[in-house]
Amino acid sequence: MALRRAWAVWAVGLTAYVIAVLHRTSLGVAGLDAQDRFGVGASALASFAVLQLLVYAALQVPAGLLLDRFGSVRMIVAGAVAMAAGQVLMAFSDGVTGAVVARVLVGAGDAVTFISVLRLVPRWFPARRVPVLTQLTGILGQLGQILSAVPLAALLAYQGWSAAFVAMAALGVLVAVVTVVALHDTPEVRVSAGPAITPRQVALDLKQAWLQPGTRLGLWTHFTTQFAGTVFALTWGFPFLVAGEGLSRGTASALLTVFVLTGMAAGPVMGVLAQRFPLRRSWLVLGVVVTTAAGWGLVLLWPGPAPLPVLVLLVLALGLGGPGSVIGFDLARTFNPPARLGTATGIVNVGGFTASLLTILLVGLILDWRTGGGASYDLADFRVALSVQYLVGAIGVVGILRTRRLARQRMAEDGVVVRPIREILAERRGLAMRR
C-alpha cells in the first residue's frame, strides 16, 4: 500500500513536469504563427526563447531556496498557476510586450517545477530506487515536447492561436488543482515547511551547498552534458539540418523525434548504471561527453553533406546528453543533506542552461559574422559556428575533472574508499558464482 501510494504521488508530480515541458516548448511549434501575429522577424522570435531560458536559469537558485522553505506541493502549484497565467496572456496578446511578459511567466513557472518534482523522489522511495526514478522523471518529462509537436500543433492549425493557448492554460489550472488534491510532500505530512528564509540563512545555505565539491561536480556535469542537445533541439538543430545539410523539413523533424526517443530509452539504463556504480558516475558522464564530441566531429568533418545514417548517429549521440545531465542531480542528492537538497539542485540546474544560452549566442554571433548579418547560411557557415561547442565542452570537462578530484578528497576524509571498478565487478561475479 505504501509503495502504491508513492507511485501515485510520483505520477502526479511527473504529470506536472510533462505539462511544464509542454508550456516550455509551446512557442517552438507556434513560431510561424507568432511571427504573423506579432509582426516580428526570426531574430526577435528567437529572443523570446533566449529570454525564457534566461529567466529559467536565473531563478534556479532562488527556486531551490524557496523549495527548501515551502516544499514541493506549494511550489508545483505556484509554478502551474504562473505558467497558466502566461499562456492566457499569450492567447490574447497582440503586441510584443505582452508576449515577452507571457514567456517570462512561463519561464518562471517552469523553473520551479522540475526541481520540486525531483525533491519528491527521495522523500517517497528508498535510496536504491532514487537514481532510476530521477532519470525517469527527467526523461519521461520530455513527452511534453511530443504533446507540443502533435496536439498543440493540431489545435493551432484547426482552432487558431487563442484557442490553443487557452487550452494550455486550462491544463496548467488542472495541474494545480490535482496537485492540491492528490500530492503530499512526504508520507507523514501533506505540506512540509523548512525554516523561515532570512538573508543570513540564505547566505549560509548557498555557501554550504556551494562549498560541497559534490554540488559543483553536479553543476559541471549538467553544464557539460546538457547543452549540446538543448542547443540542437531548441534553436540551431533544425536550421542546420535543413539549410546546412539540405534535408527536408519532414526528415529534420523525424531526426528531432529520434533525439527525444533516444533520451527516453537511455535514461533508465543510465539510472541503473548510476545505481550500481555510484562511485563511477563521473566516468559515465565523461563517456557521454566523448560520445557527443565524436558524433559532432563525424558530421562536421564529413566531406560535403553527411549521409542520413551519419546524421542518425549524431542525434543518437546527442540524445544521451539529457540522461547524462540528470546524473548531476543525483550527485547533488548524495553529497547534500535533505534540508539543503532544493538549494543544491537549483545550483546544479543552472549549469546546463547557462552553457546552452552561451552556446546559442556564440553560434548566432559567428553565423552573423560569417554572413554579414544575413539570413542565408550554408554548410560551411554552420561547421564553423557549431564548432564553438568544443570550446564550451572543454570548459565543462576541466570543471568535472577538478571538482571530481575535490569530491574524492572529501570522500576520503569521510572514510569512503573509491575502489577500482574491476575489483567491484570481480567481487560481484564471485558472489554470483557462490549463489
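In which helix is the place of Asn349? In this predicted model, Asn349 is found in helix α15, which covers residues 341-371. The relative accessible area of Asn349 is 1%, and values under 20% count as buried, so Asn349 is a buried residue. The side chain of Asn349 forms a polar contact of 3.1 Å with the side chain of Tyr56. When neighbours within four places in sequence are set aside, the residues in contact with Asn349 are Tyr56, Gln60, Phe114, Ile115, His222 and Phe329.

Asn349 also takes part in the packing of α15 against another helix, α5. Helix α5 is formed by residues 96-124. The crossing of α15 by α5 is right-handed. On the α5 side, the contact is made by Phe114, Ile115, Leu118, Arg119 and Pro122, while α15 contributes Leu341, Gly342, Thr345 and Asn349. Sorted by class, the residues of this contact are five nonpolar, three polar and one charged.

A further residue of α5 is Ala111. With a relative accessible area of 0%, Ala111 is buried. Apart from residues up to four places away in sequence, Ala111 touches Tyr56, Leu59, Gln60 and Ala63. Tyr56 and Gln60 are also in contact with Asn349. Ala111 and Val61 are 50 residues apart along the chain, and their C-alpha atoms are separated by 9.6 Å.

Asp68 is placed in helix α4, which runs over residues 60-92. The relative accessible area of Asp68 is 9%, and this residue is buried. The side chains of Asp68 and Arg119 are joined by a polar contact of 2.7 Å. Arg119 is one of the α5 residues that make the contact with α15. Beyond residues up to four places away in sequence, Asp68 touches Arg119, Gly194, Ala339, Arg340, Leu341, Gly342 and Thr343. Among these, Leu341 and Gly342 belong to the α15 side of the contact with α5. Between Asp68 and Ala344 there are 276 residues of separation in sequence, and the distance from C-alpha to C-alpha is 10.0 Å.

Ser26 is located in helix α1, made up of residues 2-29. Ser26 has a relative accessible area of 0% and is buried. A polar contact of 3.3 Å links the side chain of Ser26 to the side chain of Arg103. Leaving out residues up to four places away in sequence, Ser26 touches Gln87, Arg103, Ser148, Leu152, Phe165 and Met168. Ser26 and Gly346 are 320 residues apart in sequence, with 24 Å between their C-alpha atoms.

Ala163 has its place in helix α8, residues 161-182. At a relative accessibility of 32%, Ala163 is partly exposed. The C-alpha atoms of Ala163 and Thr25 are separated by 17 Å, and the two residues are 138 residues apart along the chain.

Two other helix pairs were also examined. Two packed helices are described by the angle between their axes and the distance between the axes. Helix α10 (residues 213-244) packs with helix α12 (residues 281-300) at an angle of about 30°, and the axes are 9 Å apart. Angles under 35 degrees count as roughly parallel, so α10 and α12 are roughly parallel to each other. The crossing of α12 by α10 is left-handed. Thr221, Thr224, Thr225, Ala228, Phe232 and Phe240 of α10 make this contact with Val285, Val288, Val289, Thr292, Trp296 and Val299 of α12. The residues of the contact comprise eight nonpolar, four polar and no charged.

Helix α13 (residues 308-319) and helix α14 (residues 321-335) pack at an angle of about 15°, and 5 Å separates their axes. By the cut-off of 35 degrees, α13 and α14 are therefore roughly parallel to each other. The contact involves Ala317, Leu318 and Gly319 of α13 together with Gly321, Gly322 and Pro323 of α14. Its residues divide by class into three nonpolar, three polar and no charged.

Technical notes
Residues are numbered from 1 along each chain as its sequence is written. This is a predicted model: local features need pLDDT of at least 70, side-chain atom pairs count only at pLDDT 80 or more; totals for chains, interfaces and linings use all residues. Side-chain values use heavy atoms; hydrogens and water are left out. Axes are lines fitted to C-alpha atoms, for helices over the stretch in contact, and angles run from 0 to 180 degrees between N-to-C directions. Helices (H or I, at least four residues) and strands (E, at least two) are DSSP runs, numbered from the N terminus. Angles under 35 degrees count as roughly parallel, over 145 as roughly antiparallel, 65 to 115 as roughly perpendicular and the rest as oblique. A crossing is left-handed if the near helix is turned anticlockwise from the far one by less than a right angle, and right-handed if clockwise. Contact means heavy atoms within 4.5 Å. Ala, Val, Leu, Ile, Met, Phe, Trp, Tyr, Cys and Pro count as nonpolar, Asp, Glu, Lys and Arg as charged, and the others, Gly among them, as polar. Buried means under 20% relative accessible area, exposed over 50%, partly exposed in between (1.4 Å probe, protein chains only). A polar contact is a pair of N or O atoms within 3.5 Å; within protein, one must be able to donate a hydrogen and the other to accept it, and residues adjacent in sequence count only if both atoms are side-chain atoms.
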